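Please walk me through this chain.

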Amino acid sequence: MPVAVAMFSGKWKYGSGENHEAFMSAIGVPKELHQFASETVFYIECREEGGVITWATTPEYLGAKHGTVTNVFRIGEEIEEDTGDGKKKKCVYTWDGDKLVSTYPDWDGKGLKVTMSRALEGDSTSTVMSAGDVTCTVVYLRC
């Protein structure tokens, strides 16, 4: 049985990650943006109301808040998600046991499948992101 979305509700702050550089390259993030991404702390706020989930991501770079990217979805329904770089990607959120999974079937327009699988672990979430054979793990801590 899936974890209730309410368990993901609240504010989260980036804690740690591994293999970012390879993952960013795999999904086509331009090299000139790699440093910005690696020096940015991301905050996530999640809330659910009536089956509608709002997932907002706010980057903080060198202490300055940048524009918040907000996506709204329902489990099992395809959306066009804002990836934060001005692009939209088709995506579906589903449950895989206790993990909230977002699947992007054609990230690059050439068939690259990207998945992000989020698991709760006490007051942290562990997100495993995969693009082809490249995997990155990111941990967020509840604020």
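**The core and what surrounds it**

The largest nonpolar core has 26 residues, and F23, W55, Y93, Y104 and V114 touch the most other members. A nonpolar core here is a set of buried Ala, Val, Leu, Ile, Met, Phe, Trp, Tyr and Cys residues joined through side-chain atoms within 4.5 Å. Buried means under 20% relative accessible area, exposed means over 50%, and partly exposed lies in between (1.4 Å probe, protein chains only). Two or more residues each come from β2 (40-49), β3, β7 (88-96), β8 (99-104), β9 (114-121), β10 (124-131) and β11 (134-142). The largest share, 4 residues, belongs to β11.

This is a predicted model: local features need pLDDT of at least 70, side-chain atom pairs count only at pLDDT 80 or more, and totals for chains, interfaces and linings use all residues. Residues are numbered from 1 along each chain as its sequence is written, and side-chain values use heavy atoms, with hydrogens and water left out.

Now take F23. Leaving aside neighbours within four places in sequence, F23 is in contact (heavy atoms within 4.5 Å) with V114, M129, S130, A131, V134 and C136.

Next, the chain as a whole. It has 2 helices and 11 strands. These are DSSP runs numbered from the N terminus: helices are H or I with at least four residues, strands are E with at least two. The order along the sequence is β-α-α-β-β-β-β-β-β-β-β-β-β. The radius of gyration is 14 Å, close to the 15 Å of the globule rule for 143 residues, so the chain is as compact as a globular protein of that length. That radius is taken over C-alpha atoms, and the rule is 2.2 Å times the number of residues to the power 0.38. The C-alpha atoms fill a box of roughly 40 × 35 × 25 Å along the principal axes. Buried residues make up 34% of the 143 residues. Of the contacts with a separation of 6 or more, 35% are between residues 24 or more positions apart.

Turn to the strands. In a regular strand the side chains alternate between the two faces of the sheet. Strand β3 (residues 52-61) pairs with β5 in the antiparallel sense over 5 bridges. Strands pair if DSSP finds at least two bridges between them. F73 in β5 is the bridge partner of I53.

β6 and β7 run antiparallel, joined by 5 bridges. In β7, C91 is the bridge partner of I79. The hairpin of β6 and β7 has 5 residues between the strands, and there G84 takes a positive phi near 90°.

The aromatic rings come next. Rings of Phe, Tyr and Trp (its six-membered ring) pair if their centres lie within 6.5 Å; planes under 30 degrees apart count as stacked, over 60 as edge-to-face and the rest as tilted. The count comes to 6 aromatic pairs. F36 and Y61 have ring centres 4.7 Å apart and planes at 45°, so this pair is tilted. The pair links distant parts of the chain: F36 is in helix α2 (residues 31-38) and Y61 in strand β3, 25 residues apart. F36 is partly exposed, at 30% relative accessibility.

F73 and Y93 are stacked, 3.6 Å centre to centre with 10° between the planes. F73 lies in β5 and Y93 in β7, 20 residues apart. F73 is buried at 3% relative accessible area, and Y93 is buried at 2%. F8, W55 and W95 form one aromatic cluster.

Two rings also carry a charge over them. The criterion is NZ of Lys or CZ of Arg within 6 Å of the ring centre and within 35 degrees of the ring normal. R118 lies over the face of W55, at 4.9 Å from the ring centre. The charged end of K89 sits over the ring of W107, 5.0 Å from its centre.
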